[in-house]
Amino acid sequence: MAPLASLPQHGWALLRRTPPLVFAMAVLGVGLIGASTVLVKGIRQANDTITVTGTSTERIRSDYVDWSVEVRQGGASQQAAYQSLQPLVQQVVTFLKAKGIAADELELDAVGTEKEEVRDPRTGELRSTSWTARQAVKVGSRDVEKVHRIAGEIGVLIGQGVPLTINRPAYTFTGLAEKRVEMLAKATRDARARAQAIAREAGSGIGAITNADTGSFQITVPDSTETSDTGSYDTTTIQKDITAVMAVTFRVD
């Protein structure tokens with residue numbers, strides 16, 4: 001798969017129009033990798049090069065949050081379940097708006113229904129039928145602190161009799177594309193500095209770059225020691241650590 005940095009301009013435009021969480025996971029899909037150590041592959045005597053992996057790490061703050069809660073209600077028929085569900089959904093919407101969620105930050109998912117049949121285990125005869133209706137209330141906002149606060153307060157509705165499934169907010173960073181370029185440049189400078197230190201010990205100098213393998217990011221909770229060959233993108237915290245990796249080959253003078 002081609003590195004993300006090699007996408008054409010129209011590709012970047014499409015990515016910037018993608019909702020933040022979707023975009024974040026797309027970045028993850030192209031191969032997020034983790035690295036917190038410097039790897040020296042050694043001086044290649046045959047062609048007078050040295051390959052060093054440089055890194056750069058930075059603390060970032062999420063600037064977008066996706067969050068949802070789901071309301072479920074049962075009934076003897078599909079119609080009854082739906083009719084019982086709607087006042088509960090409206091109660092959730094009213095609560096969120098009262099807490100400061102704007103109308104353009106709210107979205108109601110499509111209503112879903114499930115039918116459950118109870119049959120006699122011996123004869124297979126139908127004994128009863130019940131329905132469950134469900135609908136998700138979604139929030140998308142740039143005010144991450146506000147949503148974080150409300151997510152901790154909405155449980156009060158359960159005490160009021162609203163059957164809720166409360167999902168965890170997903171915090172993302174919308175400036176990932178620009179940050180990637182900046183941090184890979186820093187990782188390249190780090191690689192050069194490390195290559196120069198190694199070359200000095202051998203009485204040599206470092207020349208031009210002959211090859212660069214653009215690494216990607218690993219985005220973790222602050223101060224995490226997590227590494228993964230398949231990559232990771234943490235969305236559970238507002239503050240995150242982002243690590244860029246760059247393997248660079250330099251000519252040895």
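In which strand is the place of Lys138? Lys138 lies in strand E6, where helices (H or I, at least four residues) and strands (E, at least two) are DSSP runs numbered from the N terminus. The structure is a predicted model, in which local features need pLDDT of at least 70, side-chain atom pairs count only at pLDDT 80 or more, and totals for chains, interfaces and linings use all residues. Residues are numbered from 1 along each chain as its sequence is written, and side-chain values use heavy atoms, with hydrogens and water left out.

Lys138 has 33% relative accessibility and therefore counts as partly exposed (buried is under 20% relative accessible area, exposed over 50%, partly exposed in between; 1.4 Å probe, protein chains only). Apart from residues up to four places away in sequence, Lys138 touches Trp67, Ser68, Glu105, Leu106, Glu107 and Asp109, contact being heavy atoms within 4.5 Å. Glu70 is 68 residues from Lys138 along the chain, with 8.5 Å between their C-alpha atoms.

In helix H4 (residues 144–151), Val144, Lys146, Val147, Ile150 and Ala151 are buried. Viewed down the axis of H4, these residues fall within an arc of 160 degrees, so they line one face of the helix; the arc is that of the directions from the helix axis to the C-beta atoms. Their packing partners are strands E2 (49–61), E3 (64–75), E6 (126–141) and E8 (170–172), and helix H3 (78–98).

Helix H6 (residues 176–201) has buried residues including Leu176, Met183, Leu184 and Asp190. Just after H6, Gly203 adopts a positive phi of about 70 degrees.
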